[in-house]
Amino acid sequence: ITIWLILGGVGFMGGLLLRRHPSFRLLLMAVAVGCLGAVRFTTAVPTIDTNHIATYNNNGPVTLTGLVVDEPAIFDKSINLRVDADSIIFPDGSSQTVTGTTMVRVGRFPIIPYGTRLQLTGELETPPDDGEFNYRAYLARQDVHSLMARPKLTILAEGAGNPIYHAIYA
């Protein structure tokens, strides 16, 4: 990222200094914009390592602790929750601090609002990419790389999260 920022800065400064030479100015400004685009791309692609929740997909049941970070999507028989994970506990009792968002499908009742801290026990799954609709790519554009369907759910706390979002969702 640092190299792209330096190259972008050099291109921008060169474009300003060579403002009397339109062709060079245009070329250097194009370099600056291209470098800034590269910075945006490298920061937008998630790093899936041992600290990312997606590392533990399809590896059996785990217990996940996290915060509901969006308004729930309510359907006839279920609710989809976007949960930002902060820790995972494995069956052997060991735990790991994690990052990343999981799409969790829970039963229709009770309705779980934004800002609820949850403990979920179930299996993390990789979103499917079969058929005409690539659900994995769809969720990846929303920075979601894991699914958990019908977990055992425990509400740990309510009212966490950003108070401005609480006011908007209310």
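## The S3–S4 hairpin

S3 and S4 form a hairpin with five residues between the strands, and glycine 93 takes a positive phi near 95 degrees there. This is a predicted model. S4 covers residues 95-97 and pairs with S3 in the antiparallel sense, over three bridges.

## Other partners of S3

S3 spans residues 78-89, and S1 spans residues 61-68. These two strands are antiparallel and share six bridges.

S2 takes in residues 73-74. Two bridges join S2 to S3, again in the antiparallel sense. Alanine 73 has asparagine 80 in S3 as its bridge partner. S2 and S3 also make a hairpin, with three residues between them.

S5 is another partner of S3. The pairing is antiparallel and runs over seven bridges. Within it, threonine 101 of S5 stands opposite aspartate 84.

## Threonine 102 in S5

S5 comprises residues 101-107 and includes threonine 102. Is threonine 102 buried or exposed? Threonine 102 has a relative accessible area of 0%, so it counts as buried, the cut-off being under 20%.

Leaving aside residues up to four places away in sequence, threonine 102 touches Ile53, Leu64, Leu81, Arg82, Val83, Leu124, Val144, Ser146, Leu147 and Met148. Leu64 falls in S1, residues 61-68. Leu81, Arg82 and Val83 fall in S3, residues 78-89. Leu124 belongs to S6, residues 117-125. Val144, Ser146, Leu147 and Met148 belong to S7, residues 144-149.

The loop between S5 and S6 holds proline 110. The peptide bond from phenylalanine 109 to proline 110 is cis. Its omega is near 0 degrees.

Asparagine 58 is not a glycine, yet has a positive phi of about 60 degrees. Asparagine 58 sits in the loop between helix H2, residues 22-44, and S1. The relative accessible area of asparagine 58 is 45%, so this residue is partly exposed: it lies between the 20% and 50% cut-offs.

Arginine 150 is also not a glycine and has a positive phi, of about 50 degrees. Where is arginine 150 placed? Arginine 150 lies in the loop between S7, residues 144-149, and S8, residues 152-157.

Key. Residues numbered from 1 in each chain as written. Predicted model: local features only at pLDDT ≥ 70, side-chain atom pairs only at ≥ 80, totals over all residues. Heavy atoms only, no water. Helix = DSSP H or I, 4+ residues; strand = E, 2+ residues; numbered from the N terminus. Buried < 20%, exposed > 50% of the residue type's maximum accessible area, 1.4 Å probe, protein only. Contact = heavy atoms within 4.5 Å. Pairing = 2+ DSSP bridges.
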